[in-house]
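Biologist: Could you take me closely through one part of this model, starting from a single side chain and then moving on to the sheet?

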Amino acid sequence: HATQAEIDATMVQETDELYRREKAYRADRPRPTIKGRAVILVDDGLATGATMRAAAEAVRKLGATRITVAVPVAAPESVAQLERIADRVVCLHMPYDLYAIGRWYELFDQTSDRQVVELLQQAWARGGEPA
């Protein structure tokens, strides 16, 4: 029951956050090449699957030749929806009573910006391309 003004404000806020993270994580590195490549999209779990569907659709539009979605836990309905978008969906556990992703982890802390940057720097040092 959100108003259009609330939706618009949220979109502006989330767009700003996306740009902030992109700048923090990638710094001055170019965007990764997606066109003509197989892409693996990974998440810690899928409840509604909306974010992963958006990611899959985005990399498809950028020219990915094959999209694999990999998650440890997901709602069965979310997997079914993604199977229509991605070429392959790998999910280890699809409980009928998912309720919340964090419920299926012993430790479900947020990953800090610092941790993300450190992991990306390690990958780049090994010659990897940011994904």
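Modeller: The side chains of R26 and E22 are joined by a polar contact of 2.3 Å, a term for a pair of N or O atoms within 3.5 Å, where within protein one must be able to donate a hydrogen and the other to accept it, and residues adjacent in sequence count only if both atoms are side-chain atoms. This is a predicted model, in which local features need pLDDT of at least 70 and side-chain atom pairs count only at pLDDT 80 or more, while totals for chains, interfaces and linings use all residues. Residues are numbered from 1 along each chain as its sequence is written, and side-chain values use heavy atoms, with hydrogens and water left out.

R26 lies in helix 1 (residues 4-26); helices (H or I, at least four residues) and strands (E, at least two) are DSSP runs, numbered from the N terminus. With a relative accessible area of 16%, R26 is buried, that is, under 20% (1.4 Å probe, protein chains only). Beyond its neighbours within four places in sequence, R26 is in contact (heavy atoms within 4.5 Å) with R21, R31 and W124.

Turning to the sheet, 3 strands form an open sheet in the order 1-2-3 with parallel pairing, where two strands pair if DSSP finds at least two bridges between them. Strand 1 (38-42) and strand 3 (88-93) are the edge strands, each pairing on one side only. Strand 2 (residues 66-73) runs parallel to strand 3 and is joined to it by 5 bridges, and V69 stands opposite V89 in strand 3.

Methods. Buried means under 20% relative accessible area, exposed over 50%, partly exposed in between (1.4 Å probe, protein chains only).
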